[in-house]
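Here is my note on the model, as promised. Please read it with the coordinates open.

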Amino acid sequence: MPPELLTSYEEIARRSDSVRAICARFEVRVKKNTDLEKILQLASNAPLLAEDPLNHLELCHAHRVLGAILACENEPELTEPLRRIATKPLARTWLEQSAGKDALFELELFQHIRQRGLNARLGEPDIIVSLPFGEYFVACKTINSHRALEGQLRKGYHQVRARGYGCVAFNVGLHILTERDEPVPAQSGAELANWIEPPLRDFYLGEHSLNKRLIKGPLDGLLFQVSCLAQVAESGSDMNIFTHTSYHAPSRVQQLEAQERFESFRLSME
């Protein structure tokens with residue numbers, strides 16, 4: 001699987017101005033000392049800062065945040081997630097729950113979905129995907145521990161139930177990865193996927209409470225995703241963002257209709 005995004009330090013600097021323009025267009029104020037303002041300032045100086053290897057990870061993080069915003073600049077429903085990104089914590093070292101990180105994951109997953117040719121839009125609960133059987137609702141949550149999983153699942157469950165059928169998508173990179181892991185060196189995307197999949201499956205397969213929510217409906221399944229900064233030899237770039245996704249929908253607890261909907265969604269994401 002190829003990396004999701006490729007860029008250059010010069011492009012990161014240009015993205016800073018572009019994102020400031022997007023914020024102005026959506027009337028979202030970026031205040032001093034917020035994480036987004038720090039990211040914008042860092043990005044604007046990317047070509048100079050890149051000379052010091054110690055800045056590499058922070059520049060890649062800036063590229064990731066700004067790229068997610070730019071990918072959604074033409075979405076009419078960008079205002080609300082953009083406001084959360086502009087006002088709430090985004091720092092890689094911030095380990096508490098954050099509405100800003102939830103919103104960032106929402107934009108990243110939306111980008112991931114659109115890159116696969118699916119018709120999707122931002123909207124309640126977070127992302128609405130058009131599939132052959134109708135609209136499919138995806139609630140996006142970032143979690144950093146087993147302790148946070150049940151509470152975030154409960155929130156996503158109620159969000160989806162208010163609108164129809166769908167799934168909850170979890171960004172678990174903060175739990176699977178540590179700051180020391182990134183950038184992850186690998187020869188290929190397949191090698192990265194093989195490295196991420198075992199701890200990712202270990203994270204959710206032991207959580208019996210997940211199946212209780214799936215039995216009740218309207219959740220058809222759960223999506224668990226990890227995105228990491230990676231140095232992939234085959235890509236020719238040292239600023240790759242690699243995304244790996246795992247799907248959970250045990251057939252023994254699901255009704256046939258739910259299985260078919262989730263399988264349609266999963267196959268569309270390949």
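The numbered points below cover confidence, helix packing, cysteines, a pocket and backbone geometry.

1. **Ground rules.** This is a predicted model: local features need pLDDT of at least 70, side-chain atom pairs count only at pLDDT 80 or more, and totals for chains, interfaces and linings use all residues. Residues are numbered from 1 along each chain as its sequence is written, and side-chain values use heavy atoms, with hydrogens and water left out.

2. **Confidence.** pLDDT is the predictor's confidence in each residue, from 0 to 100. The protein chain has a mean of 87. Of its residues, 93% reach 70 or more. Helices (H or I, at least four residues) and strands (E, at least two) are DSSP runs, numbered from the N terminus. Confidence is highest in helix H5 (residues 79–87), at a mean of 97. It is lowest in helix H8 (residues 173–176), at 74.

3. Over residues 1–6, pLDDT stays under 50. The model still has 23 contacts for this stretch beyond four places in sequence. Contact means heavy atoms within 4.5 Å.

4. Buried means under 20% relative accessible area, exposed over 50%, and partly exposed in between (1.4 Å probe, protein chains only). Ser16 sits in helix H1 (residues 9–25). Its relative accessible area is 1%, so Ser16 is buried. Beyond its neighbours within four places in sequence, Ser16 is in contact with Leu40, Ala43, Ser44 and Leu66. Helix H2 (residues 35–44) has Asp35, Leu36, Glu37, Ile39, Leu40 and Ala43 as its buried residues. What covers them? The cover includes H1, helix H3 (46–49), helix H4 (56–71) and H5.

5. **Leu107.** This residue belongs to helix H6 (residues 99–115). Leu107 counts as buried because its relative accessibility is 0%. Setting aside residues up to four places away in sequence, Leu107 touches Ala68, Ile69, Cys72, Leu78, Pro81, Ile85 and Leu122.

6. **Cysteines.** How many disulfides does a search of the whole structure find? The search finds zero. Cys23 is in no disulfide, and the nearest cysteine sulfur, that of Cys72, is 13 Å away. The cut-off for a disulfide is a pair of cysteine sulfur atoms within 2.5 Å. Cys23 is buried, at 2% relative accessibility. For Cys60, the closest cysteine sulfur is in Cys228, at 11 Å, which is too far for a bond. Cys60 is buried as well, at 3% relative accessibility.

7. The grid has a 1 Å spacing and covers the protein atoms alone; a pocket is an open set of points where a 1.4 Å probe fits, with protein on both sides within 12 Å along at least five of seven lines. Lining residues have an atom within 4 Å of a point. Grid points are joined across faces, edges and corners, and a volume is the space filled by probe spheres set on the points. The second largest pocket has a volume of about 320 Å³. Its lining has 15 residues, and Thr245, Tyr247, Arg266, Met269 and Glu270 lie nearest the centre. Strand E7 (237–248) and helix H11 (256–268) are the elements that give two or more residues to this lining. E7 gives the most, with five.

8. **Asn240.** Strand E7 also holds Asn240. With 0% relative accessibility, Asn240 counts as buried. The C-alpha atoms of Asn240 and Gln187 are separated by 12 Å, although the two are 53 residues apart along the chain.

9. **Backbone geometry.** Most residues other than glycine have a negative phi, and most peptide bonds are trans. Glu124 and Pro125 are joined by a cis peptide bond, with omega about 5 degrees. Pro125 lies in the loop between strand E1 (119–122) and strand E2 (127–131). Glu27 is not a glycine, yet has a positive phi of about 55 degrees. Asn33 has a positive phi too, near 70 degrees. Where are these two residues? Glu27 lies in the loop between H1 and H2, and Asn33 is found in the loop between H1 and H2. Glu27 is exposed, at 69% relative accessibility. Asn33 is exposed, at 67% relative accessible area.
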